[in-house]
Amino acid sequence: MPQSCSGWVIARKVAHVSIPNHNKVFGESMAINNHSDSSSDKLLVVLEIANNHMGDFKHGKKLIVALSKAVKAHTDIFEFGVKFQFRELDTFIHPDHRGSSLKYVKRFEETVLSSEEWQGLFTVVKAEGFKLVATPFDETSVQKCAENNVDVIKIASCSLADWPLIECVARTGK
């Protein structure tokens with residue numbers, strides 16, 4: 001896995017979980033329903049690129065192609081997705097802090113891609129056989145997910161109490 005990728009997230013898509021001797025542990029049976037529209041019963045492994053494209057389309061493409069090569073031997077067992085992060089910087093960063101040297105503000109402003117560059121990365125993701133996964137940090141970015149037919153939308157842990165964002169994501173059905 002390329003060093004510039006920030007991590008792996010694993011999610012299980014199952015219709016039922018069977019745990020031997022589960023009554024001794026849980027006291028009752030446990031079922032997890034699959035609400036996914038995917039026909040695959042494979043584990044979904046999400047490869048997080050986030051903003052590690054560094055605002056450079058060519059670098060982002062190289063990451064995706066490298067990830068594809070890294071997982072190729074495991075596609076019979078796992079389904080893979082590539083995840084990005086979306087923020088509408090005009091509303092996400094307070095006007096008083098734009099252009100500042102604050103660590104995250106600086107990083108967000110340095111990793112901006114144009115709509116055409118995003119489209120190019122999404123095309124590469126699909127061409128390499130990955131699901132497209134995204135974490136939106138604002139409602140405008142949820143709309144971007146919907147417009148670009150993102151397969152899976154993930155809520156960031158820092159957004160777990162952001163009910164307007166969660167409701168917006170829920171309306172997408174993703």
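Is Cys 158 buried or exposed? I begin with that residue because the answer is quickly given: Cys 158 has a relative accessible area of 62%, and therefore counts as exposed. Please keep in mind throughout that what we are looking at is a predicted model.

Staying with the cysteines for a moment, the count of disulfides comes to 0. Cys 168, for instance, takes part in no disulfide, and the nearest cysteine sulfur, which belongs to Cys 145, is 9.3 Å away. In contrast to the exposed Cys 158, Cys 168 is buried, with a relative accessible area of 14%.

Let me now step back to the whole chain. There are 7 helices and 5 strands, and, read from the N terminus on, the elements follow the order β-α-β-α-β-α-α-α-β-α-β-α. Of the 174 residues, 37% count as buried. If we take the contacts in the chain with a separation of 6 or more, 66% of them are accounted for by residues 24 or more positions apart.

Within that order, I would like to pick out one unit, in which β2, α2 and β3 together form a right-handed β-α-β arrangement. The two strands of this unit, β2 and β3, pair in the parallel sense over 7 bridges, and within that pairing Leu 47 stands opposite Val 82 of β3.

In soluble globular proteins, nonpolar side chains tend to be buried together. Here, the largest nonpolar core has 27 residues, and those with the most contacts inside it are Ile 64, Phe 84, Phe 86 and Phe 130. At least two residues of this core come from each of several elements, namely β2 (43–50), α2 (57–71), β3 (78–86), α5 (115–127), β4 (131–136), α6 (139–147) and α7 (163–172). The element that gives the most is α5, with 5 residues.

The aromatic side chains deserve a separate word. A pair of aromatic rings is described by the distance of the centres and the angle of the planes. The structure holds 6 aromatic pairs, and in one of them, that of Phe 86 and Trp 118, the ring centres are 4.9 Å apart while the planes stand at 90°, so the pair is edge-to-face. Because Phe 86 lies in strand β3 and Trp 118 in helix α5, this pair ties together parts that are 32 residues apart in sequence. Both partners are buried, Phe 86 at 1% relative accessibility and Trp 118 at 7%. Ring pairs also link Phe 84, Phe 86, Trp 118 and Phe 122 into a cluster.

Finally, a detail of the backbone: Asn 149 has a phi near 50°, which is a positive value in a residue other than glycine. As to where this residue is found, Asn 149 sits in the loop between α6 and β5 (152–153).

How values were computed. Residues are numbered from 1 along each chain as its sequence is written. This is a predicted model: local features need pLDDT of at least 70, side-chain atom pairs count only at pLDDT 80 or more; totals for chains, interfaces and linings use all residues. Side-chain values use heavy atoms; hydrogens and water are left out. A nonpolar core is a set of buried Ala, Val, Leu, Ile, Met, Phe, Trp, Tyr and Cys residues joined through side-chain atoms within 4.5 Å. Buried means under 20% relative accessible area, exposed over 50%, partly exposed in between (1.4 Å probe, protein chains only). Helices (H or I, at least four residues) and strands (E, at least two) are DSSP runs, numbered from the N terminus. A disulfide is a pair of cysteine sulfur atoms within 2.5 Å. Two strands pair if DSSP finds at least two bridges between them. A crossover is right-handed if, with the strands pointing away from the viewer, the path from the first strand over the helix to the second runs clockwise. Rings of Phe, Tyr and Trp (its six-membered ring) pair if their centres lie within 6.5 Å; planes under 30 degrees apart count as stacked, over 60 as edge-to-face and the rest as tilted. Contact means heavy atoms within 4.5 Å.
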